[in-house]
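Subject: Structure for your review

Dear colleague,

Please find below the structure that I am handing over to you. My notes on it follow directly after.

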Amino acid sequence: MPFYLGVMSGTSLDGLDVALVEQSSSTRLLATRFALLPTALRQELLALCSSGQDELARAALAEQQWVRLTAETIAELLDQQQISPRAIRAIGSHGQTVRHEPQRGFTIQIGNPALLAELTGITVVADFRRRDVAAGGQGAPLVPAFHESLFGGDAQQARAVLNVGGFSNLSLLSPGQPSYGFDCGPGNVLMDAWTQRHLGQPFDRNGAWAASGAVNRELLTAMLSEAFFTARGPKSTGRELFNLDWLDAHLEHRKGLHPEDVQATLLELTASSISESLLAAQADTTELLVCGGGAHNTTLMHRLQTLLAQCEVKSTQGYGVPPDWVEAMAFAWLAHCCLEGIPANRPQVTGARGSRILGAIYPA
């Protein structure tokens with residue numbers, strides 16, 4: 001059976017996920033490895049999400065560091081599993097998104113796939129998003145097709161898959177219907193940033209800090225008035241819109257709010273934007289499968305269940321797929337689709353003019 005590696009470094013900028021999968025008629029997770037991003041590299045990648053001095057050279061240097069960390073992590077995983085690089089058909093590398101502005105015709109993921117191929121001796125498939133953007137699409141989300149492959153086969157009723165990383169996105173799977181999906185808005189990105197500012201911690205573990213506060217309805221209403229939330233799909237978003245500056249602008253005329261109340265409101269923003277999006281797009285959903293870091297936020301999961309009383313909210317772990325590894329698995333699958341000449345975007349999801357084979361190939 002062909003082996004693939006999937007590499008994912010998401011908008012949360014917490015680290016690298018590397019997944020080893022076996023790909024045949026289905027995708028089976030075999031092993032995983034996680035690497036923390038060094039603090040200096042994380043800070044530089046975050047800075048590159050906005051314009052700055054000498055940013056082209058800085059991006060080129062940062063992606064070299066990112067690739068060397070990726071190659072080291074892959075080598076450690078293969079050594080742990082006693083698998084030769086020659087046994088891996090390809091690496092599917094998402095790279096690190098530093099800009100995502102499909103409305104202006106571009107999305108940028110740095111990750112120097114040529115260097116990754118040199119360092120690992122394995123064929124690399126990368127740059128998955130730009131072909132969809134070139135065809136008029138958003139370039140995101142790309143995971144609905146994979147979610148359909150992984151979770152859609154046995155669905156007898158409407159099911160949805162929710163990924164809550166830095167941002168949240170939904171995949172809608174309904175029997176007899178093509179898969180559909182879109183970004184909902186902030187996932188963890190604002191909650192993490194607020195926690196880092198006030199607690200000096202990378203994230204709000206289990207949503208405990210948010211649970212200690214009270215939702216400020218005036219602030220929530222103001223944030224939900226952002227045009228993105230009422231726009232119909234296809235749609236995607238990123239740090240270009242939802243960031244600390246955006247939050248600070250909303251707080252400018254609401255001085256004196258307790259930090260824990262702001263955190264509670266940010267969690268409610270994530271939960272509300274997800275639940276309202278799902279109810280508007282697929283009101284008959286009976287099961288919501290959650291993956292990404294948000295699946296571990298018990299406060300968020302309980303809130304989603306309250307807001308979506310008509311369906312069961314649970315982690316993808318219930319289907320034997322650990323929630324932390326779904327996206328890395330997806331990029332291994334996307335590499336397989338590219339090498340096999342299988343279109344992997346969904347025009348109804350991204351808005352592209354048609355189906356496209358995604359990815360560029362860098363031979364070993």
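Contact here means heavy atoms within 4.5 Å. By that criterion, and leaving aside residues up to four places away in sequence, threonine 120 touches Ala71, Ile74, Pro85 and Ile91. Please keep in mind throughout that this is a predicted model.

Threonine 120 and its helix

Threonine 120 belongs to helix H3. Is this residue buried or exposed? With a relative accessible area of 13%, threonine 120 is buried, because the term applies to anything under 20%. Between threonine 120 and arginine 68 there are 52 residues in sequence, while their C-alpha atoms are 9.6 Å apart in space.

Helix H3 covers residues 113-120, and its buried residues are Pro113, Leu115, Leu116, Ala117 and Thr120. These buried residues pack against helix H2 (55-81), S4, S6 and strand S12 (360-362). Just after H3 comes glycine 121, with a positive phi of about 70°.

Which strands pair with S4, and in which sense, is set out here:

- Strand S1 (residues 3-9) runs parallel to S4 and is joined to it by 6 bridges; leucine 5 has isoleucine 91 as its bridge partner in S4.
- Strand S6 (residues 124-126) is also parallel to S4, with 2 bridges between them; valine 125 in S6 stands opposite glycine 92.
- Strand S5 (residues 106-110) is antiparallel to S4, the pairing extending over 5 bridges. Histidine 100 has threonine 107 in S5 as its bridge partner, and glutamate 101 stands opposite phenylalanine 106 in S5.

S4 and S5 form a hairpin with 4 residues between them, and glycine 105 in the turn has a positive phi of about 90°.

The five-stranded sheet

An open sheet is formed by 5 strands in the order S9-S8-S7-S10-S11, with mixed pairing. At its edges lie strand S9 (180-186) and strand S11 (312-315), each of which pairs on one side only. From one strand to the next, the twist averages 20°. Within this sheet, strand S7 (residues 159-164) and strand S8 (residues 167-173) are paired in the antiparallel sense over 6 bridges; valine 164 has serine 168 in S8 as its bridge partner. Helix H12 (residues 298-307) packs on the sheet and touches S7, strand S10 (287-291) and S11; the direction of H12 makes about 155° with that of S11.

Domains and their interface

The domain assignment divides the protein chain into domain 1 (3-140 + 324-362) and domain 2 (143-319). Taken over C-alpha atoms, the centres of domain 1 and domain 2 are separated by 23 Å. How many residues are in contact across the two domains? In domain 1 there are 27, and they contact 29 residues of domain 2. The two domains bury about 2200 Å² between them, 55% of it on carbon and sulfur atoms. The count of salt bridges between domain 1 and domain 2 is 1. Arginine 346 forms a salt bridge with glutamate 148, with 3.7 Å between the closest N and O atoms.

Salt bridges

The structure holds 14 salt bridges. Among them are the following.

Glutamate 44 and arginine 58 meet through their side chains at 2.9 Å, N to O. The pair links distant parts of the chain, since glutamate 44 is in helix H1 (residues 39-47) and arginine 58 is in helix H2, 14 residues apart. Glutamate 44 is partly exposed at 22% relative accessible area, and arginine 58 is partly exposed at 21%.

Glutamate 218 and arginine 254 form a salt bridge at 3.6 Å, N to O. Glutamate 218 lies in helix H8 (residues 217-224) and arginine 254 in the loop between helix H10 (244-251) and helix H11 (259-281), so this pair ties together parts that are 36 residues apart in sequence. Glutamate 218 is exposed, with a relative accessible area of 52%.

Lysine 314 and glutamate 287 form a salt bridge at 2.8 Å, N to O. Here strand S11 supplies lysine 314 and strand S10 supplies glutamate 287, 27 residues apart. Lysine 314 is partly exposed, at 22% relative accessible area, whereas glutamate 287 is buried, at 10%. Salt bridges with shared partners join Arg159, Glu287 and Lys314 into one network.

With kind regards

Technical notes: Residues numbered from 1 in each chain as written. Predicted model: local features only at pLDDT ≥ 70, side-chain atom pairs only at ≥ 80, totals over all residues. Heavy atoms only, no water. Pairing = 2+ DSSP bridges. Axes fitted to C-alpha atoms, helices over the stretch in contact; angles between N-to-C directions. Domains from an automatic or database assignment. Buried area = accessible area lost by both parts, 1.4 Å probe. Salt bridge = Lys/Arg side-chain N within 4 Å of Asp/Glu carboxyl O. Buried < 20%, exposed > 50% of the residue type's maximum accessible area, 1.4 Å probe, protein only.
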